[in-house]
Amino acid sequence: MSATERQIVRLVRAAAPGEIKQTALLSRSTSSLQFTGLLSTSKHFEVASLESLVGIDLIVADKILVADGLITKEGLHGATLDAFLLSALSALNTGGVLVVREDLSSDASPRVTLPSLTDYVDVFRRDIAGKYVGFDFYCAEQVDSSIYLNGNYLDFVWILRKKEFTPPAADAATVTFRDFLDKTQYTNTGIGAYEWMFGKDFISPGGYDENIRVLEQFGGFKYGAKMLDIGSGIGGGVRQAAAVYGLQVTGVDLSANMLTEAIVRVHDEKDSRVNYSICDAVTYDFGENVYDYIFSRDCIQHITDQDALFKNIYKSLKPGGVILITMYGKGKGAWTEAFKKYNDQRFYHLQTLDEVKERAIKHGFEAVHVENMTERFREILTHERAHLEKEKVDFFKHYTQAEFDSLYNGWSAKLKYIEADNHNWNLFRARKPAH
Ligand SMILES: C[S@@+](CC[C@H](N)C(=O)[O-])C[C@H]1O[C@@H](n2cnc3c(N)ncnc32)[C@H](O)[C@@H]1O
C-alpha cells in the first residue's frame, strides 16, 4: 500500500471503526489507489456504475469528480453532484464511508471549490427508503505525499460517514455547526474585514506581535518538534510557529472558509513544515502521544463539549508535552442583556478561569497555570478600534459602511462587556505528566 492509501485508511478507520467488508473504488485510472492486501475491492470506472451497488461499507472516489464533470471550470455541477451523492448514500450501509479524493491544484479557483464542495457534502441530506440520511462530515484533509513529493498543498481527501439525521426545523438557516460558522461569523467578507482589523494572517486580538508574545509563554521550543494548532483560522499562528520556531505544525479548523484561506496561502509559500485539516477538534482522532505542543488561540469558546475536547487533546499530547490555550471567557459580573444576546448569537461556551483549571486537573494535566489577560484584551481592543477610525479611508477601499459599523460597534460592545466584568480573555497552560 502507498503512503496515500495508508493515510486514507487511517482516516477511514478513525471515522468508522467498524468492519469494512464491501468496498467500491471509483477511478478512471488503473494506476490510481489500489489498497492492495487490505481491502477486497471491486473496481469501477465511472460514477454512473454506483447506481447498481448496495451493501457497501466504503466507497473511494479517486479523482473522479473533475474527470466525470461534477466539478467544472464554472464550479460545482449541482445536478450530477446530487446524483453521485444520492447513489453513494443508496449504495452505502449506515455507518459506511464515502472517501472523495480530488486534486484541486489545476482548479481555476480552489478558493471557491474547496469550501463549496465541503459545504455541499456536509449539508447534503435526502429521504432514502423512508430514512432521512446524509453525511456526517469527518474531515477534508491534505494528502501528505503530495505536499512532500510535489509541493502540492491542494490535493485533498474528504471523509464522509453515512448517518441517519433528524429532519431540520422548517426555519433552520444552517444545517451543521460548520455551516453555521461559515455562514455567520466567518463568511469570506467577514474574514477579510477581521483580518484587516487584526493584521495579516490573524483573526485574533493583537495579530502577529501578540501571537509571538503568547507563543513565548510556552517557555521555549525544541527545534523541529510537533505542534497542533486548534482553530488555526487563516493560518497566521501555524506559519509563525513554523517560520519563527522551526516547528512542524498541523493546523485544524472547522470553518472551511477559514482553512481554505490558510491552505491557499501555504500552497503559494510551499512551507512543508505546515499541514492542515478541516475538521472538528472534538471528534477528529489526532492519535495518541503525537504532539510535543498543543496551541490554540481564541477558539475553544466555540466548543460546547469541553470535556470531550480536553479528553481528545490530552490523548494526543506526548507525555511531558505542553498545552497553551487562550480563550474568550467569562468574568464574575452579572451578565448584561447585551452580553447574553451576544453570547446566544455566537453559541459561545464561556468558562471562568476556575472552571478551566478544574477541568484541566480532572483530565490529568499537571503544572496547570491560568491567567486573566482581560486588561491586555482591553488595551488591544482600544488600540484596534482607534486604528480602524484613523485608517477609515483604507478600510473603505475594501469594505462597506456596514462592515465598518459591525467592527466598530462590535469592538465598542466588547469594551463595555469588559467594564461589566462579563467578557474576559483567559490563558491556560499545562503539561501532560511525563510518566
Ligand atoms: C477567533 S478564530 C481564531 C483563529 C486563529 N487561531 C487566529 O489566531 O487567527 C477561532 C477559530 O476557531 C475555529 N473553530 C471553532 N470551533 C472549532 C472546532 N470545533 N474545531 C476546530 N476549529 C474550530 C473557528 O472556525 C475559527 O477559525
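Q: At what angle do helix α3 and helix α9 pack, and how far apart are their axes?

A: The model is predicted. In it, helix α3, residues 110–123, packs with helix α9, residues 256–269, at an angle of about 145 degrees. The axes of the two helices lie 9 Å apart, and the crossing of α3 and α9 is right-handed. On the α3 side, the contact is made by Pro110, Arg111, Leu114, Pro115, Thr118 and Asp119. These residues meet Ala256, Asn257, Thr260, Ile263 and Val264 of α9. By class, the residues of this contact are six nonpolar, three polar and two charged.

Helix α7, residues 207–215, can be described by burial. Its buried residues are Glu210, Asn211, Val214 and Leu215. They lie on the same side of α7, because the arc they cover around the axis is only 140 degrees. An α-helix has 3.6 residues a turn, so residues three or four places apart point the same way. Asp209 and Arg213, on the other side of α7, are exposed. The buried residues of α7 pack against helices α8 and α13 (374–390), and against strands β13 (291–297) and β14 (317–330).

Helix α8 also bears on the ligand. The ligand is surrounded by 24 residues, the closest being Ser204, Gly231, Gly233, Ser255 and Cys299. Two or more residues of this shell come from each of α8 (236–245) and β11 (248–253). The shell comprises 12 nonpolar, eight polar and four charged residues.

Methods. Residues numbered from 1 in each chain as written. Predicted model: local features only at pLDDT ≥ 70, side-chain atom pairs only at ≥ 80, totals over all residues. Near = placed C-beta within 6 Å. Helix = DSSP H or I, 4+ residues; strand = E, 2+ residues; numbered from the N terminus. Nonpolar A, V, L, I, M, F, W, Y, C, P; charged D, E, K, R; others polar. Axes fitted to C-alpha atoms, helices over the stretch in contact; angles between N-to-C directions. Left-handed = near helix turned anticlockwise from the far one by under 90°. Contact = placed C-beta atoms within 7 Å. Buried ≥ 20, exposed ≤ 12 C-beta atoms within 10 Å, placed from the backbone. Arc of directions from axis to C-beta.
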